[in-house]
Amino acid sequence: MLASDSADPEGVPSQSERKPVRAAYYDRQGPADVVLRVAELPTPQPGPGEVRVRVHMSGLNPTDLKARTGFSSPMPFPRIIPHQDGAGVIDAVGDADEVGRLGQRVWIYEAQHGRASGTAAAFVVVPSGHAVPLPDDVSFEVGASLGIPALTAHRCLFADGAIDGRRVLVQGGAGVVGTAAILLAKWAGAWVAATVMNPEQAIIARAAGADLVLDRLNDDVADAIQATTRNAGVDRIVDVNVKANLDLDLACLASGGVISAYATVGATDALSLPLLRAMVHGCVLRFVYIYSVPQEAKDNAIRDINACLASGAYSPHVGLKVGLEKIAEAHGALEAGSVMGKVLIAI
């Protein structure tokens, strides 16, 4: 291991290497206020192909809640430090040829995927490629809001080709992935409509840049889309709940359009598809689970996300930011749906 402050002159580990670090963890699945703990744990050390990041901000996602509650699988490790996303500064590297990255600001994705330790800690060790350079003028709050939401939105939007000049509908435009989709789609030159459920959500969707914001409870979404597009429909739909929205999606979709679904309410949910109607549309139904997306597609997404960041066009809405000691409160708020926008943990 090579570190910026890893050893005293005679090779003795420095204070930062010897001192335990604060981290949140759980050793059994269950409710946040029951299983989440904060304690001092050993400082992790990077191995070959890895870097260690001093975490400034950790990002919370629904997938972190599902892992903690056993939504789709039992505990994969005896103890888990949660959270896939985050941002901070590289302070140690496992390979000598990576020493130039010491001190580099980065955003992190999939920190805890296939591993026991995520970003809800003062330090995290990740594969080098999962620590992506963060532009100097982009805050750690924005950096920790990327990861799963931005990668998922990018896959939904771009898996079937460029969207410059295309029409996009984002179902759930005030959600974290929804706002990421609006931001990336506008950066890429698309016209964007978004659906929301109340005036507060409408403010968030408009702030992200949506050209048309429709209230699902009060507007006839399909009529509004068809009227605005002169009956052409939309080319891409990014959908948070395709099981509930499929009929509406088909009513809004252009011939040959793509519906991308990235979330499900229940682990055993099933979708009933009107085959003839879908065939007449010539539509594509794409399902996006970011962990199984090919690495080449993630690399393309990272390139575009950083270009969007560099242009100043990526400004996610942060709904809640708390300290590490209040991590259970943050999990509870996201689980209850009482917060709009990204939930962050300041380390």
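This is a predicted model: local features need pLDDT of at least 70, side-chain atom pairs count only at pLDDT 80 or more; totals for chains, interfaces and linings use all residues.
Two strands count as paired when DSSP finds at least two bridges between them.

**Exercise 1. Work out the order of the six strands in the open sheet, and find its edges.**

Step 1: Follow the pairing from strand to strand. The order comes out as 11-10-9-12-13-14, and the pairing is parallel.

Step 2: Look for strands that pair on one side only. Those are strand 11 (212-215) and strand 14 (284-287), so they are the edge strands by the pairing rule.

Step 3: Check how the neighbours are turned. On average, neighbouring strands of this sheet sit at 20 degrees to each other, with direction ignored.

Step 4: Zoom in on two of the pairings. Strand 10 and strand 11 run parallel and are joined by four bridges; T195 has L214 of strand 11 as its bridge partner.

**Exercise 2. Find which strands pair with strand 5, and in which sense.**

Step 1: Start with strand 1 (residues 2-3). Strand 1 pairs with strand 5 in the antiparallel sense over two bridges, and A3 meets A92.

Step 2: Move on to strand 4 (residues 50-60). Here the pairing with strand 5 is antiparallel over eight bridges; V51 has V93 as its partner.

Step 3: Finish with strand 6 (residues 105-108). Four bridges join strand 6 to strand 5, again antiparallel, and G86 is partnered by I108 in strand 6.

Step 4: Ask how covered strand 5 is. Nine of its nine residues are buried.

**Exercise 3. Describe the largest nonpolar core and say which elements build it.**

Step 1: In soluble globular proteins, nonpolar side chains tend to be buried together.

Step 2: The largest core has 53 residues, and W107, L157, I182, I305, L309 and Y314 touch the most other members.

Step 3: List the suppliers. Each of these gives at least two residues to the core: strand 5 (85-93), strand 9 (167-171) and strand 10 (191-196), along with helix 4 (140-143), helix 5 (147-158), helix 6 (176-187), helix 7 (199-208) and helix 11 (295-311).

**Exercise 4. Compare the linings of the largest cavity and the second largest pocket.**

Step 1: Take the cavity. A search of the whole structure turns up one cavity of 30 Å³ or more, and the largest cavity holds about 50 Å³ of space.

Step 2: Name its lining. The residues are S145, P149, V176, T179, A180, L183, Y314, P316, H317 and K342. Helix 6 gives the most, with four residues. By type, the lining has six nonpolar, three polar and one charged.

**Exercise 5. Are H83 and E110 buried or exposed?**

Step 1: H83 is in the loop between helix 3 (62-69) and strand 5, while E110 is in the loop between strand 6 and strand 7.

Step 2: Look at the backbone. H83 isn't a glycine, yet its phi is positive, at about 95 degrees. E110 is another non-glycine residue with a positive phi, near 50 degrees.

Step 3: Apply the cut-off, which is under 20% relative accessible area for buried. H83 has 0%, so it is buried. E110 has 5%, so E110 is buried as well.

How values were computed. Residues are numbered from 1 along each chain as its sequence is written. Side-chain values use heavy atoms; hydrogens and water are left out. A nonpolar core is a set of buried Ala, Val, Leu, Ile, Met, Phe, Trp, Tyr and Cys residues joined through side-chain atoms within 4.5 Å. Buried means under 20% relative accessible area, exposed over 50%, partly exposed in between (1.4 Å probe, protein chains only). Ala, Val, Leu, Ile, Met, Phe, Trp, Tyr, Cys and Pro count as nonpolar, Asp, Glu, Lys and Arg as charged, and the others, Gly among them, as polar. Axes are lines fitted to C-alpha atoms, for helices over the stretch in contact, and angles run from 0 to 180 degrees between N-to-C directions. On a 1 Å grid over the protein atoms alone, a cavity is a set of points where a 1.4 Å probe fits but cannot get out, and a pocket is an open set with protein on both sides within 12 Å along at least five of seven lines; lining residues have an atom within 4 Å of a point. Grid points are joined across faces, edges and corners, and a volume is the space filled by probe spheres set on the points.
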